[in-house]
Every structure is written in C-alpha cells, then in structure tokens.
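Morning, everyone. Please bring up the structure on your screens. I'll walk you through it step by step.

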Amino acid sequence: MNTHCLRCTRALWHDEPAICRHCETLTSRQLRELPALFQHADQTAALFKTRTLDAGGSGQPAHGSPVRLAVLDLTANGGTVARLQAIEDAWRQALAWDMGADRRRTDIAGVATFLTNNLRWACENYGEIADDLATIARLHSQLSGILTGERPARTFAAYCDQDGCGGQMAITLWTRTATCSECGTRYEGTELKHLRTEFDEPASGGRTAA
Ligand SMILES: [Zn+2]
Ligand SMILES: [Zn+2]
C-alpha cells in the first residue's frame, strides 16, 4: 500500500492508491494542451524544412541548432505521438485490451484522448504510472518551450543577400519584416525566409559541381 504519491511524494488520501489527485489533474491538463502545442511544433518543423530545401538547393541538411533538432525530433516519426503511443500500448496491455492500430505521426489528438480517458484508471492501478506521467510532463514542457521560444537561439542571424553586403539581421521564426542595417534593404515574409541564416551551411566560394 502506498502512503505517498509515486510522482510528487505528497501524502496520499485513502481514496488515492498511488498518485495524488493534484498530479492527476496536472497531467490531465497537459494532455489537453498537447494537440495545440504539437501542431505548433509541426508547423515550425515545416518551416525549417522549407528553409533547408531553399538554401542553395543543395538538398543537404543544414547544420543542426538545438531548437531545430528538438523540433524535428518531437515531430518526426518516432517523436511525440510514438512516445505517447508506447504508453497507450502498455496501458492497453495491462487492461488486457486489443492493441490499437499504429497511429499516424500527427495523430496527437487520438492518443491524447485515449490517455485522458484512461488516466484515472492508470493513476489508481498501473504500476509504471509515475514514469508515464514524467514522460507526458517532459513532452509537454519540450513542446511548450518551442512555442514560447524559451529554448536557446530565440533569435538568430539572417544574412542580407545583396551583392557585397555583409549585413546581418537578428530575427526569430516569427519575424515578419526586417531591414538590413548595412544597406537598408527591407525583407518581408517569404523573402525573409529565403535568406541564409546562421543555421545554414557556411557560404562557400565556389559551388560544388554535381
Ligand atoms: Zn502527486
Ligand atoms: Zn544589406
């Protein structure tokens, strides 16, 4: 019999067998917020990919920044949805239910709904629940960090593409317009997205022939 919450170590009430209601409520809120957070990260990943393809058309992946790697890792196959589905599968097994079909990479709403609907059961009956709550909290925090730009490299340098101008502009993923302080050229929307940035391959003197 547990006397303290397996997640936060608060003393348990008699009707809380393993996880306190506080932790359960917190997790429930995190699960509710996950779909919107994931969609934001996925849009950010799409933006990164556009930028990579446009950068000189070399087709080679640009250097990874911590933000870019986190975004791509969380939204890729094997990312957020797969990690949550591993929890879903384990709960299904413990409940002796059929395994669900493999979820699509973007089926965050489906997996979050399953976990929400069975959260009370898991908090009361599932042995590995503390690990699962930690995984959900970690994913929530990583995705929130992308949304709020808390992670490193909130701003990054974009390079002016006018001939002979070495100007730099500090922008974020959400910057709409920027003006080069060296030559005064103004960039807007997609023009801005097409500029080389500090995350892209360094400019080389001569293009490598294919
Ligand atoms: Zn707790
Ligand atoms: Zn310039």
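**A walk through the model**

Let's start with one residue. R7 counts as buried, because 22 C-beta neighbours lie inside 10 Å and the cut-off is 20 or more. Keep in mind that this is a predicted model.

Where is R7? R7 sits in the segment before α1. Which residues does R7 touch, once neighbours within four places in sequence are left aside? The contacts of R7 are I19, C23, A130 and L133. Now find A18. In sequence, R7 and A18 are 11 residues apart. In space, their C-alpha atoms are 8.6 Å apart.

Stay in that segment for a moment. T9 is also found before α1, which spans 21-54. T9 has a positive phi, about 65 degrees, although it is not a glycine. Is T9 buried or exposed? T9 is exposed, because it has 10 other C-beta atoms within 10 Å and the limit for exposed is 12 or fewer.

There is another residue of this kind. A96 is not a glycine, yet its phi is positive, at about 60 degrees. Look for A96 in the loop between α3 and α4. A96 is exposed, with 6 other C-beta atoms within 10 Å.

Now step back to the whole chain. How many helices and strands are there? The protein has 7 helices and 4 strands. What is their order from the N terminus on? The elements run α-α-α-α-α-α-β-β-β-β-α. The protein has 210 residues, and buried ones make up 26% of them. Next, take the contacts between residues at least 6 apart in sequence. Of those, 59% join residues at least 24 apart.

On to the core. The largest nonpolar core has 35 residues. Which of them have the most contacts inside it? They are A41, V71, L115 and L143. Six helices each supply at least two residues of this core: α1, α2, α3, α4, α5 and α6. On your screens, α2 is 66-75, and α5 is 119-125. The most comes from α1, which gives 8 residues.

Zoom in on A41. Leave aside the neighbours within four places in sequence. A41 is then in contact with V71, L74, T75, L143 and I146.

Pair one is α3 with α4. Helix α3 covers residues 80-94, and α4 covers 108-117. Their axes come within 10 Å and cross at roughly 30 degrees. An angle under 35 degrees counts as roughly parallel, so α3 is roughly parallel to α4. The crossing of α3 and α4 is left-handed. Who makes the contact? On the α3 side, find T80, V81, L84, Q85, I87 and E88. On the α4 side, find I108, V111, F114 and L115. By class, the residues of this contact are 7 nonpolar, 2 polar and 1 charged.

Pair two is α3 with α6. Helix α6 covers residues 129-148. How do these two lie? They pack at about 165 degrees, with their axes 10 Å apart. That angle is over 145, so α3 and α6 are roughly antiparallel to each other. Their crossing is left-handed. From α3, the contact takes T80, R83 and I87. From α6, the contact takes D132, T135, L139 and L143. The classes here are 3 nonpolar, 2 polar and 2 charged.

α2 passes α6 in a left-handed crossing. Here, A70, V71 and L74 in α2 meet Q142, L143 and I146 in α6. This contact has 5 nonpolar residues, 1 polar and no charged.

One last pointer before you explore. Go back to L143. L143 is among the residues with the most contacts inside the largest core. L143 touches A41. L143 is part of the contact of α6 with α3, and L143 meets α2 as well.

Note on methods:
Residues are numbered from 1 along each chain as its sequence is written. Chains are lettered from A and ligands numbered from 1 in the order in which they are written. This is a predicted model: local features need pLDDT of at least 70, side-chain atom pairs count only at pLDDT 80 or more; totals for chains, interfaces and linings use all residues. Axes are lines fitted to C-alpha atoms, for helices over the stretch in contact, and angles run from 0 to 180 degrees between N-to-C directions. Angles under 35 degrees count as roughly parallel, over 145 as roughly antiparallel, 65 to 115 as roughly perpendicular and the rest as oblique. A crossing is left-handed if the near helix is turned anticlockwise from the far one by less than a right angle, and right-handed if clockwise. Two residues are in contact if their C-beta atoms, placed from the backbone, lie within 7 Å. Ala, Val, Leu, Ile, Met, Phe, Trp, Tyr, Cys and Pro count as nonpolar, Asp, Glu, Lys and Arg as charged, and the others, Gly among them, as polar. A nonpolar core is a set of buried Ala, Val, Leu, Ile, Met, Phe, Trp, Tyr and Cys residues joined through C-beta atoms within 7 Å.
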